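Subject: Handing over a structure, with notes

Dear colleague,

I am passing a structure on to you, and I would be glad if you kept it open while you read the notes under it.

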Protein chains: 2
Amino acid sequence: LAPDGTPALLYLPTLAEHGARLTLAPADSHYVSRVCRARAGERLEATDGCGARTTLLLVEVGEVVVAEVISVVREEPERRCWLLCGAPEGERADWLVEKLAELGVARFVPVDCARARWRRASGRKGRWERLAVAALRQSRRSHLMAIEEPAPLSQVLAGLPAGGPRWLADAAGGRLGPGSAGTGGVSVGLVGPAEGLSEGEKAAAVDAGFTAVRLAGARLRCETAALAVAAWWAGQG
Amino acid sequence: LAPDGTPALLYLPTLAEHGARLTLAPADSHYVSRVCRARAGERLEATDGCGARTTLLLVEVGEVVVAEVISVVREEPERRCWLLCGAPEGERADWLVEKLAELGVARFVPVDCARARWRRASGRKGRWERLAVAALRQSRRSHLMAIEEPAPLSQVLAGLPAGGPRWLADAAGGRLGPGSAGTGGVSVGLVGPAEGLSEGEKAAAVDAGFTAVRLAGARLRCETAALAVAAWWAGQG
């Protein structure tokens, strides 16, 4: 158990096959032995963040923890959502990344737009990935949110997976209808940067199959809109 | 216009009647003259945060700004939502307050629960109120989110307004149905603290008319759940 009483979940990107023995990395060993105060003979869950869910039997618990894989289950995501997002102000993307990962977004795609480009995204990527891993463990998911490098909106629109509903956050859009979250394909949400999308960008999104939807009865900050799209999508599941 | 090109909105809790002259406080005067670079003769919008929306005509713009109220409109909220929330970890309530205010929540009620009490809420109240004002201006609302002092859950449940749907965030609850946001009365969301609600507290909430709903296919952090409830409610408007 984790200190808060909930079952612990380890993130081990290189999970081995059933029956294999794993030597945990120092940080994971520390977590198991010191934070969870687990003992040899106890069991622990782990995921590789790509759908594999494993039960580990703790063989040695000390400075270094050794565990044996005693079961592996693969989980396919029932629903998937990509979130395309223009640059918010300041450091607001940090908590956005955390919250999107908690809500189960599959892929976070920072988009460079006419009125705003992502400036520090490459410097933040390591931090974002750590936040996504923490959210995965917190929410006990089996799929780690992927985080892309920023790319121009036109390029991102051209590379979206086919099928699935697409929403563009727009205070002038229609209401989010019940059931519009769909169940097939990848759902895609697009939120402009703090400065907004240009008219040309909005038109390009509509051409790419996006429907303009309003998320609240007022203007929302970029990161709030992104979160509202993800929360709404998550609530349909 | 504010520097980002959007119309500026002032928050003036003591808005006067039509025809009155107002001398703005130093911070507001600075904002109008230096940040927005407005000039005498221009117009500006203001709200008292209680539903009054005013157009001001700038009479003098300098160190001190003097404005005349040239129109007043009262706006009643069409829908209202109260958010009852247990204590999250660390400083996470700060951005929660900001986001709830942006999404249009009418009242934020910190609730003390069996497993966690709000510790620094009174010290944070001034900061939260500033965040709520900034969110009001950002999202151009006419109603400022009210922020209550922390109170025990039982006391809060006993004091809720009658009518309106009530949801309890619970990973074991039912799906959020379309249209369950309702249109009459005050909608109320309840989210337990990071440590969760006790079984007795959940039962008391159900007795008080709350329906357990799950917000995503996984455990959410306290503040993420509160935000998901508010975003879902806002999206129905």
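Predicted model: local features only at pLDDT ≥ 70, side-chain atom pairs only at ≥ 80, totals over all residues.

Residues are numbered from 1 along each chain as its sequence is written, chains are lettered from A and ligands numbered from 1 in the order in which they are written, and side-chain values use heavy atoms, with hydrogens and water left out.

**The two chains**

The same surface serves both copies, since 100% of the contact residues of chain B recur in chain A; contact here means heavy atoms within 4.5 Å.

**The cysteines**

A disulfide is a covalent bond between the sulfur atoms of two cysteines, and the search counts a pair of cysteine sulfur atoms within 2.5 Å. Over all chains, the search of the whole structure finds 0 disulfides. For A:Cys222, the closest cysteine sulfur is that of A:Cys85, which at 3.8 Å is too far for a bond. A:Cys222 is buried, with a relative accessible area of 7%, and B:Cys36 is buried as well, at 12%; buried means under 20% relative accessible area, exposed over 50%, and partly exposed in between, with a 1.4 Å probe and protein chains only.

**The sheet in chain B**

Helices (H or I, at least four residues) and strands (E, at least two) are DSSP runs, numbered from the N terminus, and two strands pair if DSSP finds at least two bridges between them. In chain B, 5 strands make an open sheet in the order E1-E3-E4-E5-E2, with mixed pairing. Strands E1 (9-11) and E2 (21-23) of chain B stand at the edges with a single partner strand each, so one side of each is left without a neighbour in the sheet. On average, neighbouring strands of this sheet are turned by 40° against each other, direction ignored; the axes are lines fitted to C-alpha atoms, for helices over the stretch in contact, and angles run from 0 to 180 degrees between N-to-C directions.

How do the strands pair? E1(B) and E3(B), residues 43-47, pair in the parallel sense over 3 bridges, and the bridge partner of B:Tyr11 in E3(B) is B:Thr47. E3(B) and E4(B) pair in the antiparallel sense over 5 bridges, with B:Leu44 opposite B:Leu56 in E4(B). The hairpin of E3(B) and E4(B) has 4 residues between the strands, and in it B:Gly49 takes a positive phi near 75°. E4(B) and E5(B), residues 66-74, run antiparallel and are joined by 8 bridges; B:Leu56 stands opposite B:Val69 in E5(B), and this hairpin has 5 residues between its strands.

**Helices on the sheet**

Helix H3 of chain B, residues 121-138, lies across E1 and E3 of chain B and runs at about 150° to E1(B). The buried residues of H1(B) are B:Asp28, B:Ser29, B:Tyr31, B:Val32 and B:Ser33, and they pack against E1, E3, E4 and H3 of chain B. Just after H1(B), B:Arg37 takes a positive phi of about 50°.

**Two buried side chains**

A polar contact is a pair of N or O atoms within 3.5 Å; within protein, one must be able to donate a hydrogen and the other to accept it, and residues adjacent in sequence count only if both atoms are side-chain atoms. A:Asp94 lies in helix H2 of chain A, residues 92-103, and counts as buried at 9% relative accessibility. The side chains of A:Asp94 and A:Trp128 are joined by a polar contact of 3.0 Å.

B:Lys99, in helix H2 of chain B, is buried with a relative accessible area of 0%. Its side chain makes polar contacts with the side chains of A:Thr224 (3.0 Å) and B:Glu98 (2.7 Å).
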